[in-house]
Amino acid sequence: MAMADTAVVTGASSGIGEAIAAALLDRGIPVVTLQRSAPKLKNGNLHFRSVDLTDLAATRKVANDVAAEFPVRYLVNNAGENAPNPLEKATVEELNYVTTITLGAAMVLIQSFVPGMRAARFGRIVNMSSRAILGKSERIVYASAKAGLEGMTRVVAIETGADGITVNAVMPGPVETAHFNRGHPPGSVKRQTVIDKVLVKRLGTPQDVAHLVIFLLDRNSGFITGQSIYVCGGTSVTGTGGE
């Protein structure tokens, strides 16, 4: 019996990545997660490969092993890092670290899985960028890395479109995750300030983002490629996106 088309999702141990993995599993799509810590999700179709995505040689080896073992037709480059600092305190070392995981790992994984997608004449790639690329204070490192991912999305879309592969970027706005809650505790003025800037007057959920990702990964979404789509409650329209 042939193995079902498989998805690779990075950074699926919590938050948005976890929600994306759960949504794929709910649809019967096997998922391989790549990150340092094991996912909390439990499912017979969930496969975990431990890897430090800042180690690009190790990432390439794991990706090649996964490509040999599974028919990977879906790739979600969700893993990323943040290094919030004002301009005068941000460092090139932080920039190198964040871009390695955000851009370097994404490029390695795309290179590893596109050959199988081309052979199958089908593939779906979603890169997780951010509304922050439109501008947010203390995000010079994060916004620069995420903007680079948008550029990568467009180039890969151009080079793979004739092979039945689509490549899109998803740009979340303020989403309620454990990380967000640490910086914006429930009931805090800081949290309410963010909510007040959202047109729909609530924070996003990881499931809000996963809903769009699943749509873009669907076989019926084959005429959407090279796009950057915001899931931000309207903050990309108003030009406000955070504290």
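**Pockets, patch and salt bridges**

Visitor: Which residues make the nonpolar surface patch of about 310 Å²?
Guide: Patch members need over 30% relative accessible area (Shrake-Rupley, 1.4 Å probe, only the protein chains shown as cover) and no salt bridge; like charges join within 9 Å, nonpolar side chains (Val, Leu, Ile, Met, Phe, Trp, Tyr) within 5 Å. Here the patch covers about 310 Å² and is made by Leu-199, Val-200 and Val-237.

Visitor: At what pLDDT do side-chain atom pairs count in this predicted model?
Guide: Residues are numbered from 1 along each chain as written, and side-chain values use heavy atoms, without hydrogens or water. The model is predicted: totals for chains, interfaces and linings use all residues, local features need pLDDT of at least 70, and side-chain atom pairs count only at pLDDT 80 or more.

Visitor: Is Leu-199 buried, partly exposed or exposed?
Guide: Leu-199 sits in the loop between α6 and α7 (206-217); helices (H or I, at least four residues) and strands (E, at least two) are DSSP runs numbered from the N terminus. Its relative accessible area is 48%. Buried means under 20% and exposed over 50% (1.4 Å probe, protein chains only), so Leu-199 is partly exposed.

Visitor: Which element gives the largest share of the lining of the largest pocket?
Guide: The largest pocket holds about 1,200 Å³ of space (1 Å grid, protein atoms alone; an open set with protein on both sides within 12 Å along at least five of seven lines; lining atoms within 4 Å of a point). Of its 43 lining residues, Gly-80, Asn-82, Tyr-142, Thr-177 and His-179 are closest to the centre. Two or more residues each come from α1 (15-26), α4 (140-160), α5 (178-183) and α6 (189-196). The largest share, five residues, comes from α5.

Visitor: How many charged residues are in the lining of the largest pocket?
Guide: Asp, Glu, Lys and Arg count as charged; Ala, Val, Leu, Ile, Met, Phe, Trp, Tyr, Cys and Pro as nonpolar; the others as polar. The lining divides into 14 nonpolar and 19 polar residues, while the charged ones number ten.

Visitor: What is the volume of the second largest pocket?
Guide: Its lining includes Met-107, Arg-118, Met-152 and Glu-159. α3 (92-120) and α4 each supply at least two lining residues. The lining holds six nonpolar, two polar and two charged residues. The volume is about 200 Å³.

Visitor: Which helix gives the most to the lining of the largest cavity?
Guide: A cavity is a set of points where a 1.4 Å probe fits but cannot get out. One cavity of 30 Å³ or more is counted, with about 40 Å³ of space. Its lining has five nonpolar, three polar and no charged residues. Five residues come from the top contributor, α3.

Visitor: How far apart are the closest N and O atoms of Arg-49 and Glu-69?
Guide: The pair links strand β3 (residues 46-50) with helix α2 (residues 56-69), 20 residues apart. Arg-49 is partly exposed at 25%, and Glu-69 is partly exposed at 44%. They form a salt bridge (a Lys or Arg side-chain nitrogen within 4 Å of an Asp or Glu carboxyl oxygen), with a separation of 3.2 Å.

Visitor: Which residue pairs with Glu-150 in a salt bridge?
Guide: Glu-150 is buried, with a relative accessible area of 14%. At 3.4 Å, N to O, the partner is Arg-154.

Note on methods:
Grid points are joined across faces, edges and corners, and a volume is the space filled by probe spheres set on the points.
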